[in-house]
Amino acid sequence: MSLRICVYEDDKFEQFYPITHLRPVHCMRAGIVPLYRRADRYFKDASLYLGAREHLASLVAAEPTELPVNIVKREKEDDVLFINGRIRNYGDLPRLVSEARLSTIYRNKGQTVAILFQRSIASEVPAMATPLDYVKAYVEHAEEIPDFDTTATLYHHCWEIMGDIDREIRDDFEFLRRDFPTSEQVRLHEGSILVNRDDIFLGTGAEVKPGALIDASHGPVYIGANTRVEPQAAIYGPTYVGPNSVVVAGKVEASSIGHTCRVGGEVEESIFHSYVNKYHAGFIGHSYVGSWVNFGAMTTNSDLKNNYSNIRVTLNGESLDTGSIKVGSFIGDHTKFGIGTLLNTGINIGLCCNLFGGGLIVDKEVGSFQWGNSDGYQDYRFDKAIETARRTAERRDVKLSSSEEQALQIVADGQSPDKGVLRFQPAE
C-alpha cells in the first residue's frame, strides 16, 4: 500500500491574479521549489499528481514537472490524499493523515485543506481517474466522511506567498541539502568572495566572476546550474537564483529568482518567475513578477508609504488591506516597462501590458492588455501583443506554445474559466 497525492486547485484562484492567469496557485513559488513540491517534505515516498483548470493543463504538463496533470493513477490498496494547492503551513496534517483510520476531510476555519480517500471509498473510483471523479465520490459519501480540524493553513493572496520567501528558502535549502547533486565545472574566479561557504550551493557550470559577492551569513544561497554572477554583483541570503540566469552589477537580497532570468540593479524580497529581464539599474522590492516581464532601465517601484501605514491592494476591483507596511508590485506575464517607469505602492498589473512614459503609474490596478500610462490607456490589440510575446520568446530560443497563446486569448476575451477546479463542500 502507498499514498497517492493530488495537489489541486480550488475556486479561490482569482485571488492570486494576475499571477494565476497562466498557472495554478500551486505552481507559484515562495522558496526554491514550486508550492506543490513542498509535499515531498512531509509525505515521503508518496506519488504526486497535479490538478489544474482544464485550459491550463497542457501548460502545466509542459513545465519540467514530470508529473501527470488531471489524472490520478491508483493501485488497488492505495489511499489517495487531495491537498489544496493553496496550502501554506502543513501544521499537523501529516500526522493526522498517518493516524487516520477513515476517509476524512480536513478543514481550517471552514476551508478545505485536504481530503483523504481511504481504500473503502477510493476503490469505487476507477484506477485511472480524473480529480473530478473523486469529487463525485466525495459527494456520494459526504455524510459519512467526518470533518476534522487541522492546524494546516492556506494562502489567500499573493502578498502572503511573498511574505514567506525567507522561511521557504531556508526550509527548501535544508530539505534539498541532503541530496544536493555533485557540482561539476564550477568556476570560482580569483577575487570573488563567498561568505559562509557551507550555506552556499553552486550548481554544475555555475560561474562567479572576480569582484562578485555571495553572502550566506544571514541565510542560504542557492545558485542554479549554468548561472553566472558578474563582477560587482552582490547576492545576500536567503536567496535562490535558478539555472541559466545571469546576475549583473547590483544587489539581490532575500529573493527567489526563476530560471533564465537576467537580473541587475536592486532586487529585494521579491519573486521572479522564468525569463524575467531586469538587466539595468532600478529597484524592485516586495514584489511578485510573472514570466517574460521586461523592466526598462531605471524602472523602480515603491514598496513603503511615507506614513508607514498598511498598504492596500486593488484586486479584481476590490480594495484590500494587506496588513503589511511593505508591499510592492504584482506583475502579470509578458508585461513590459519603458525606461524610467515608476510604479505606485501595491500596484497590480495584468498580462501583456506595455507601460511607458517615464512617470509615476498612480493607478492601483491596471487590467491585462493595456498600452500607455496613467495619462491614458488604450487596449493593446491581441494580435500585436502576441506578436511581441512570440518575438520575445524567440530571442531566448523559445517558441511560444499554442497552449500559452490560447490561454492568453482567454484572458484577452475577459474570460475566467474555472472548469477543472475542485470543490469539496461541507455536507448540507
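Predicted model: local features only at pLDDT ≥ 70, side-chain atom pairs only at ≥ 80, totals over all residues.
**Ground rules.** I count residues from 1 along each chain as its sequence is written, and side-chain values rest on heavy atoms, with hydrogens and water left out.

I took helices (H or I, at least four residues) and strands (E, at least two) as DSSP runs numbered from the N terminus, and I called two strands paired if DSSP finds at least two bridges between them. I looked up an open sheet of 6 strands and read its order as 2-1-4-7-6-9, with mixed pairing. Strand 2 (47-50) and strand 9 (147-149) are at the edges with a single partner strand each, so one side of each has no neighbour in the sheet. Direction ignored, neighbouring strands of this sheet are turned by 25 degrees against each other on average. For such angles, axes are lines fitted to C-alpha atoms, for helices over the stretch in contact, and values run from 0 to 180 degrees between N-to-C directions.

I then checked strand 4 (residues 79-84) and strand 7 (residues 111-117), which run antiparallel and are joined by 4 bridges. Leu81 has Leu116 of strand 7 as its bridge partner. Helix 5 (residues 131-141) packs on this sheet and touches strand 1 (3-8), strand 4, strand 6 (104-108) and strand 7; contact means heavy atoms within 4.5 Å. The direction of helix 5 makes about 90 degrees with that of strand 7.

I noted an open sheet of 3 strands in the order 28-33-36, with parallel pairing. Strand 33 (residues 342-343) pairs with strand 36 over 2 bridges, and Leu343 stands opposite Ile361 in strand 36.

**Helix 9.** I went through residues 402-412 and found Ser403, Glu404, Glu405, Ala407, Leu408, Ile410 and Val411 buried (under 20% relative accessible area, with exposed over 50% and partly exposed in between, 1.4 Å probe, protein chains only). Helix 2 (57-62) and helix 8 are among what covers them. Gly414 follows helix 9 and has a positive phi, near 80 degrees.

**Cavities.** On a 1 Å grid over the protein atoms alone, a cavity is a set of points where a 1.4 Å probe fits but cannot get out; a pocket is an open set with protein on both sides within 12 Å along at least five of seven lines, and lining residues have an atom within 4 Å of a point. I counted 3 cavities of 30 Å³ or more. The largest cavity holds about 60 Å³, and its lining includes His334, Lys336, Cys352 and Tyr380. Helix 8 (residues 382-395) gives the most to that lining, with 3 residues. The second largest cavity holds about 50 Å³; Tyr17, Arg53 and Ile410 are among the residues that line it.

**Largest pocket.** I read about 1400 Å³ for the largest pocket. It is lined by 47 residues, of which Glu63, Pro64, Thr65, His259 and Ser274 lie nearest its centre. Helix 1 (39-42), helix 2 and helix 7 (165-177) each supply at least two residues of the lining.

Terms used: Points joined across faces, edges and corners; volume = space filled by probe spheres on them.
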